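Biologist: I am new to this structure and would like to go through it by question and answer. Could you show it to me?

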Amino acid sequence: MSFNAANRVRRPDSKYVIKLSDILDRVASYHPSPNIDLIKKAYVFAANKHKDQRRESGEPYLMHPLAVADLVAQLRLDESSICAGLLHDTVEDTDTTLEDVAALFNEQIAQLVDGLTKISKINFHSREERQAENFRKMIVAMSRDIRVILIKLCDRVHNMRTLDSLREEKQRKIARETLDIYAPLANRLGINWIKLELEDHCLKYLYPNDFYDLVEKVAQKKRDRDRYIDEVIRIIRGKMEEHGFNCEVAGRPKHFYSIWRKMRTKNLEFDQLYDIIAFRVIMNSVPECYEALGYLHTLWKPIPGRFKDYIALPKPNMYQSLHTSVLGPNGERVEIQIRTNDMHRVAEEGIAAHWRYKEGGASQLKDEKKFAWLKQLVEWQQDLKDPTEFLDSVRVDLFADEVYVFTPLGEVKVFPKGATPIDFAYAIHSEVGYHCAGAKVNGQIVPLNSQLRNGNIVEIITNPNKKPNKDWLKYANTARAKNRIRQFLRKEQRERSSEIGRELLEKSLRKYSMSYSKMAKSGKLESVFKELKVHSAEDLQINIGYGKIQPEAVVKLLVPQEKLDQPQAEEKPEGMLSTLLRKVAPKRKSTGVLIQGIDEVMVRFGRCCNPLPGDDIVGFITRGRGITIHLRECQQTLNEDPERRVEVQWDVKEKQMHPISIRVICSDQPGLLASISQAFTDKGVNIHQANCRSMTDSRAINIFQVLVADSEQLQRVCQAISQIKGVYSVERVRM
């Protein structure tokens with residue numbers, strides 16, 4: 001395909017034409033000397049490779065890489081990034097190899113494309129493991145070059161914009177991943193417009209009824225709201241001009257996801273929301289920002305507790321602004337942000353605003369030390385081999401709201417909201433965390449589970465004899481603290497299991513006048529390691545201690561057959577599964593679970609998550625209680641040692657009913673409970689118990705204990721209830 005033929009692609013259902021020339025013009029507007037020929041070459045290559053491919057919508061596939069490249073240009077990145085945007089799907093979806101990309105373009109572009117290519121040819125045990133490994137790979141690439149994640153965000157933005165053509169199940173899956181990872185990541189990188197757009201798209205596909213209801217309600221009040229915005233802008237601008245300031249003032253409604261989240265978290269109706277309009281005042285300098293704040297507070301009464309100074313204490317993503325809420329005209333709550341032009345550019349562009357070009361066309365980040373949190377991500381991906389643990393660390397720690405506290409020497413420490421002195425201790429040093437005996441906040445001794453608040457001065461009290469216990473996992477909130485505590489507890493567990501395994505082996509071999517210790521020293525265990533697929537004597541002992549290997553299996557490999565055939569006067573010791581798993585062997589059809597590698601053991605289901613047939617599950621060997629089955633995403637699994645994990649799967653041959661709890665939050669109105677009950681009946685679900693209570697805000701919270709056959713039936717009934725007018729949310733209750 002020639003350049004002229006490939007220069008434009010027409011949407012099949014629109015007159016709108018996407019032109020490469022638009023992208024080239026955009027790049028030339030901010031890049032001092034772009035390599036236009038390189039971008040053209042990448043475009044022609046992508047057009048040729050994707051020429052016979054179409055997206056689910058029916059449009060030419062080339063529309064996607066072209067749109068991604070255009071978004072990359074909007075972030076004002078260099079020509080290598082534009083090329084990677086055009087080529088990002090060639091390695092995954094065509095016969096192109098990374099070697100081809102490196103040879104035709106350069107090694108830098110090939111590395112960017114490699115970081116963007118999904119791991120599609122590896123078999124994973126679960127969706128979450130695949131998701132974690134894809135994200136892990138992207139982080140490794142990001143540690144070498146931050147542009148990888150910026151291009152990936154552009155890719156996700158266009159995918160979300162064109163999600164309508166996919167089936168509903170896939171829409172929800174992609175939207176959930178986007179809300180869990182990519183929208184928060186855009187926020188952490190400070191790219192506000194991407195964060196807002198992704199969140200609104202996610203709301204549309206995850207909660208369509210709520211989304212369209214909100215769109216309608218916002219539209220209904222548009223005229224009154226626009227009039228109010230114009231009035232407030234006029235007053236603010238007049239006040240600033242009165243004191244000799246030139247400034248820019250803008251107002252807009254908060255985006256849909258922000259409004260929806262506030263309604264859910266505070267259990268409010270739309271009409272009960274007051275501060276859904278935000279105003280932005282752009283001043284020329286930092287002193288002017290503080291002066292403007294003072295004048296606005298004399299104009300309107302500030303609302304106590306709603307002022308935040310992110311200029312003096314910038315967010316970790318370098319966001320700076322003054323935030324205040326006031327009682328504006330007509331007593332309406334109004335949120336106002338005050339910042340400089342440079343701060344506004346960083347607020348919108350985030351990390352991309354710190355990009356600069358060097359001689360020779362290369363590019364790099366200014367002030368890379370300001371983005372030290374990126375290194376934290378890399379450390380996590382290296383330390384955390386368990387995919388569930390890794391994703392949990394990313395979601396909880398990296399993307400949470402921040403709390404700013406001080407050390408006794410005045411150093412600022414930033415933690416996720418809900419952090420405790422335990423988190424503070426591990427942030428100082430792992431050894432301080434391991435020996436944390438107490439804490440002082442603002443000079444007063446506080447419990448270790450106390451939540452830190454903005455402005456606290458925190459001091460840790462240590463004791464060399466103190467060590468972590470399992471309760472600390474309930475107190476810790478940061479990934480660093482949780483991971484260090486788990487590592488300590490697992491090390492202790494492994495040591496205990498190794499001792500148990502060694503004792504059992506010694507006891508079993510003594511019956512045949514053999515010594516396990518001598519065999520370990522002589523090297524006679526090498527054949528046992530190979531046969532049982534373990535790496536060392538310690539590994540063998542731990543597996544026996546955990547119950548994964550029975551000592552009798554080792555005895556059979558070490559003791560000659562003639563000795564094994566001789567009757568033993570001494571009573572045989574209990575097998576490991578008898579000792580540790582209490583060998584109760586109900587028929588498999590009564591549990592509905594197949595366990596890989598371990599037979600005839602007791603199976604129980606975790607009460608913390610109540611797994612249902614169809615759910616993604618995992619098993620853990622529990623000493624004295626057989627195998628405990630959890631949802632793979634259950635938080636409790638993060639506290640378990642991955643060494644004790646066994647792969648399990650559903651094997652339901654007969655229909656069984658499982659108890660589950662469903663929480664329904666709805667309007668407190670006559671007849672609604674009857675409609676909800678009818679929805680259960682229509683879907684063949686029996687209500688075992690119901691707990692319904694009215695709230696002071698004209699809402700009702702209902703907990704239904706029901707019996708369902710599997711996760712599919714649960715999903716059907718939840719969907720049916722969510723469509724009832726007056727129902728705000730329906731969710732499965734997990735302890």
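Modeller: What follows goes from the whole chain to single residues.

This is a predicted model, in which local features need pLDDT of at least 70 and side-chain atom pairs count only at pLDDT 80 or more, while totals for chains, interfaces and linings use all residues. Residues are numbered from 1 along each chain as its sequence is written, and side-chain values use heavy atoms, with hydrogens and water left out.

Biologist: What share of the residues in the chain is buried?

Modeller: Helices (DSSP runs of H or I, at least four residues) and strands (DSSP runs of E, at least two) are numbered from the N terminus. The chain has 32 helices and 25 strands. Buried means under 20% relative accessible area, exposed over 50%, and partly exposed in between, with a 1.4 Å probe and protein chains only. Of the 735 residues in the chain, the buried share is 51%.

Biologist: Which element has the highest mean pLDDT?

Modeller: pLDDT is the predictor's confidence in each residue, from 0 to 100. The chain averages 79, and 81% of the residues score at least 70. Among the elements, strand S1 (residues 8-10) has the lowest mean pLDDT, 40. The highest mean, 93, belongs to helix H16 (residues 286-299).

Biologist: How many contacts beyond four places in sequence does the model have for residues 569-589?

Modeller: Contact means heavy atoms within 4.5 Å. Residues 357-363 have a pLDDT below 50, and beyond near neighbours in sequence this stretch has 14 contacts in the model. Over residues 569-589 the pLDDT stays under 50 as well, and the number of contacts beyond four places in sequence is 56.

Biologist: At what angle do helix H10 and helix H12 pack?

Modeller: Axes are lines fitted to C-alpha atoms, for helices over the stretch in contact, and angles run from 0 to 180 degrees between N-to-C directions. The axes of H10 (residues 147-161) and H12 (residues 192-206) are 10 Å apart. The angle between the two helices is about 35 degrees.

Biologist: Which residues of H12 make the contact with H10?

Modeller: On the H10 side, the contact is made by Leu-153, Arg-156, Val-157, Met-160 and Arg-161. By class, the contact has eight nonpolar, one polar and three charged residues. Here Ala, Val, Leu, Ile, Met, Phe, Trp, Tyr, Cys and Pro count as nonpolar, Asp, Glu, Lys and Arg as charged, and the others, Gly among them, as polar. The H12 residues are Trp-193, Ile-194, Glu-197, Leu-198, His-201, Cys-202 and Tyr-205.

Biologist: What is the bridge partner of Phe-620 in S20?

Modeller: Four strands form an open sheet of mixed pairing in the order S17-S19-S18-S20. S18 and S20 run antiparallel and are joined by two bridges. In S20, the partner of Phe-620 is Arg-645.

Biologist: Is Asn-330 buried or exposed?

Modeller: Asn-330 is found in the loop between strand S7 (322-327) and strand S8 (333-340). Its phi is near 65 degrees, a positive value in a residue other than glycine. Most residues other than glycine have a negative phi. With a relative accessible area of 68%, Asn-330 is exposed.

Biologist: Is Ser-729 buried or exposed?

Modeller: Ser-729 lies in strand S25 (residues 727-732). Leaving aside neighbours within four places in sequence, Ser-729 is in contact with Arg-264, Arg-663, Val-664 and Ile-665. Its relative accessibility is 9%, so Ser-729 counts as buried.

How values were computed:
Two strands pair if DSSP finds at least two bridges between them.
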